[in-house]
Amino acid sequence: MACGSTHVQLSFRIWSHQISVDAIPSADQVRITPSLRSQKGSVWTKNTVNFDHWEAEVTFRVSGRGRMGADGLAIWFTTAQGLDGPVYGAADNWNGIGIFFDSFDNDGKKNNPAVLVVGNNGKLVYDHPNDGTTQALGTCLRDFRNKPYPVRAKITYYKKTLTVLINNGFTPDKDDYEFCTKVDKMIIPQEGYFGISAATGGLADDHDVLSFLTFRLTEPGQELMPKEEQDKYQEEFENFQQELDKKKEDYQKEHPEVQREPIEDMYESVNDREIRQVFEGQNQIHLEIKQLHRQLAMILDEQNRYVSVVTDEISKRQVELVGQVGSFQEMGAVVATQQEILRNLNELRNSFHESLKQIGATQHQANPVSMGTYETVQHFSEIQEHLHVVKRNIEHLITRNGSPSENQGEKCPDPPKMPSCLGTIHFLVFVVIQSVLFFSYIVYKSQQEAAAKKFF
């Protein structure tokens, strides 16, 4: 183990609940706070624990509908039960240690969700505006919200060293822990209460605790807990379990109408949340593609206007351009290039239109998870290919117009001056700038969507 002990001895698996008002116990978990605003809840051991060295393993789940949550969850070992208060649902000015899982960014430094270790001798007031960073003895950045599997925290206090390990909830492996933080030369009370609390604010999450196991750590060769003490804890656990079962039966007898309405149906399941997040992502992609479609239509209007101007000027000066074959061919090449650009842009617009149709059809199908994202990425690839074609055509035109060596064989008369609004160089520069900006916009939006998917 990280604490250095070669023998880890199980102290007890008894968790006697001293539950605050907003906490909701059930057979397999305790919901410390539901996903409602301004809620507080906490659960504490009924009796004190007297360990020189100990280890706590907590399994919990923090889930919410938004991309941001609040306020967070805290694991405690203190000399008194902090049943209610402003620090993640527990009392301030505690005497002991608190490990905070802070999900809301109060100081605006974008350093949340985070895990903090804060000690207190009973005189410290928690620094909420700065998310406790001015008082933290150790910290690490960990995203513990909306994970596919429950998150696990292993907190070890051994020889005045506190170590925090986190299982990030991405795999079902219970032993897949990552190092979070370590605090040396830390002195905490030997006797105290274990507790866990949570709170919500303007934003809200469900804070569910699935298990809370405490272990006593001993030096190699020391005796195990006396059998009398083990029997005492086992008897207390069985009495508590019987009392809980009896209360559940009494409640069902008093409320027979709710027996067919389990409490789990009142909350969003993991599968429902994943499907909802996929739909939200597809809707966002749908809106972005619509925006690109509108901008593409504006570009097409601009190109049509320029082609119309060029065509009108050629028609007006067709008589004057007789005998000036070179200039006439050059203007014809410009018109042909513009028409090719228009064809490419029309293909892009059709591609956007097909994307909108397919995303709309995907959102009405039974399996929204497997479609939508792949097809949208495929259409972005097609858009990039079309933009490359436009870029090559423009570069080819600029190269052809800028190389004087091809026309050194014969000298053609100077072409007539064009109107100032129809300069060829200005027109080509404008087309190149438009194409580059359009391509940059698509790449930027693609990166933005990829970054947003991390939170789904």
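Is K247 buried or exposed? Select K247 and show the surface: this lysine is exposed, with a relative accessible area of 52%. For these labels, buried means under 20% relative accessible area, exposed over 50% and partly exposed in between, using a 1.4 Å probe and protein chains only.

Before moving on, a word on the model: it is predicted, so local features need pLDDT of at least 70 and side-chain atom pairs count only at pLDDT 80 or more, while totals for chains, interfaces and linings use all residues. Residues are numbered from 1 along each chain as its sequence is written, and side-chain values use heavy atoms, with hydrogens and water left out.

**The whole protein**

Zoom out and switch to cartoon. You have five helices and 16 strands here; helices (H or I, at least four residues) and strands (E, at least two) are DSSP runs, numbered from the N terminus. Of the 456 residues, 43% count as buried. Take the contacts (heavy atoms within 4.5 Å) with a separation of 6 or more: residues 24 or more positions apart account for 72% of them. The accessible surface, from the Shrake-Rupley method with a 1.4 Å probe where for residues only the protein chains shown count as cover, comes to about 25,300 Å². Carbon and sulfur atoms own 53% of that surface.

**Helix α1**

A salt bridge here is a side-chain nitrogen of Lys or Arg within 4 Å of a carboxyl oxygen of Asp or Glu. Both residues sit in helix α1, four residues apart, about one turn of the helix. E243 is partly exposed, at a relative accessible area of 42%.

Now select D245, E249, D250 and E254, which gather in a patch of negative charge on the surface. Patches are built from residues with over 30% relative accessible area and no salt bridge, joining like charges within 9 Å and nonpolar side chains (Val, Leu, Ile, Met, Phe, Trp, Tyr) within 5 Å. Lys and Arg count as positive and Asp and Glu as negative, with His and the chain ends not counted; the place of a charge is taken as NZ of Lys, CZ of Arg, CG of Asp or CD of Glu. Of that group, E254 lies in helix α1, which covers residues 227-254, and counts as exposed at 59% relative accessibility.

**More charged pairs**

Side chains of opposite charge can pair when their charged atoms come close. Select E57 and K154: they form a salt bridge with the closest N and O atoms 3.9 Å apart. E57 is in strand β7 (residues 54-63) and K154 in strand β12 (residues 151-158), so the pair ties together parts 97 residues apart in sequence. E57 is partly exposed, with 21% relative accessible area, whereas K154 is buried at 17%.

Next, pick D143 and K147, another salt bridge, with the closest N and O atoms 3.6 Å apart. D143 is partly exposed at 34% relative accessible area, but K147 is buried at 11%. Then show R31, D206 and D208 together, which are linked in a network of salt bridges.

Most residues other than glycine have a negative phi, and most peptide bonds are trans. Where are the exceptions worth a look? Start at N112 and P113: the peptide bond between them is cis, with omega near 0°. P113 is in the loop between β9 (95-102) and β10 (114-121).

Move to D131, which has a positive phi of about 55° although it is not a glycine. It lies in the loop between β10 and β11 (138-141) and counts as buried at 2% relative accessibility. N146 also has a positive phi of about 55°; find N146 in the loop between β11 and β12, buried with a relative accessible area of 18%.

**Last two stops**

Select F194 in strand β15 (residues 191-199). F194 is buried, with a relative accessible area of 2%.

Finish at V429, I433 and L437, which make a nonpolar surface patch of about 280 Å². I433 lies in helix α5 (residues 424-452) and counts as partly exposed at 45% relative accessibility.
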